[in-house]
Amino acid sequence: MRGLRSTLVLLVVLAALGAYIYFVESKRDPTASLPERVRIFDVDASKIVALDLVSSTGERTTLEKRDAGWRVTAPADLAADEAEISAITSNLATVDVEREVDPNPADLAQFGLETPRIVVGFRVEGSDTVERLEIGEKTATGGDLYAKTGSSPRVFLISGFLDTTFDRETFDLRDKAILVFDRTAVTSAEVVSADHAVTFTRAGESWRLSTPFDAKADYSAVEALLGRLGSAQMKAIVDEAPADLTKYGLARPSVTVTLSAGSARAALLVGDRTPDNLVYAKDASRTMVFTVDSFVVEDLRKAPNDFRPKDVFEFRSFTGTRFEVLRGGTRTVFEKGRAGDDEATERWRQVQPEAEIETAKIDDFLSRISNLRAESFVAALPGDATEIVRAIAVSRDGSVEEVVNFFRSGDVTFVVRPDEPGAAVVSTAGVDGALSALDEMKS
């Protein structure tokens, strides 16, 4: 009986609560209880010209915006990290009050604001007034931060993600590029290691290997190397002015890369690995020794052949106009074009010996042979290698004619180009598959 009475009481309470929700809460404006989000500073991020930051460690950094960009002015005169500064200024211009906590608190210590944990001061163009955002402790849930401005005692909450945005030390704010150079102006790059000495030289819109041999370089591989050097960041500065480079492996670097742009030079020295698998490095023009991620210097240790193009042909069926095959004394020629005015699109045809071949079969052969890639390179062909196929491919505008000779020694297939040293090793199965596709057209 007592259990039944308890159940009835609960049902009555739930019914009353449901009625309240229906008749009262459902009639209320759903946005009425939400606090109005108010922007803390009325400022345009692009107009901020000075910053004064105190991090949670107590380190103070001041910065100024100049014609050439932002610079750290204290504790030393340094180039600044523009991306870091942009994040700070844009967030200062858009930071909102999430909720007001106390308009006039009697004790700021309870919010961590008697001595703020983080301080961000800034000045805008044309003003001598320094505005301050003072940040205290996180709320109990960790989602927000207690904060106030320097001009008001009011305590409010700001979003917790801003903690890492504003809590920045001098190292975070300085330019951390490991090597400063204009990538588009680089005309040559030399990489010297214990095993290799490789030099790349820009030739118009392409790159060539000039040492240890003269050969075309893989454009994307060289550009990737330059891109990695240009975007790599220091992980830490371990010594601003070392008296002895030996302990970092930099007295005799394991790798030295030198980039040239006319008479200008930039050089990176690579030393030993650190206990935590970073690498010591040094810009030759600066005194400091810093660490970088090991992957940054991986490309610098590659062998010269690793920078050679792997595609056997530049030709592709959709950009070429002619492909000629000489095999066993027989010449087969394919050309792309329109048969007449009634032909809507260009297509491949066999023109020598003239024959009606399905376009799909020609496309299959051209795709197979033009997609062959080098698996490795050798300095010279084996003495017993014999030529099995010669191919001549012509690009759409006729400005590029590629002559490629295929040789075989045992079960290994090689490719030789007249303008390239040595030979490339290619897939024998891939070559046989292409030749089978050629034979099928004749059957």
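**Aromatic pairs.** I looked up the aromatic pairs and found that the count comes to ten, where rings of Phe, Tyr and Trp (its six-membered ring) pair if their centres lie within 6.5 Å, and planes under 30 degrees apart count as stacked, over 60 as edge-to-face and the rest as tilted. I note that this is a predicted model, in which local features need pLDDT of at least 70 and side-chain atom pairs count only at pLDDT 80 or more, while totals for chains, interfaces and linings use all residues. Residues are numbered from 1 along each chain as its sequence is written, and side-chain values use heavy atoms, with hydrogens and water left out.

**Phe111 and Tyr146.** I found these two rings tilted, 5.0 Å centre to centre with 50° between the planes. Phe111 lies in the loop between β7 (99–102) and β8 (118–124) and Tyr146 in strand β10 (residues 144–149), so the pair ties together parts that are 35 residues apart in sequence; strands are DSSP runs (E, at least two residues), numbered from the N terminus.

I then checked burial, where buried means under 20% relative accessible area, exposed over 50%, and partly exposed in between (1.4 Å probe, protein chains only). Phe111 is buried at 7%, and Tyr146 also counts as buried, at 19%.

**Phe315 and Phe323.** I found this pair tilted as well, at 5.1 Å centre to centre and 50° between the planes. Phe315 is buried with a relative accessible area of 3%, and Phe323 counts as buried at 0%.

Terms used:
Helices (H or I, at least four residues) and strands (E, at least two) are DSSP runs, numbered from the N terminus.
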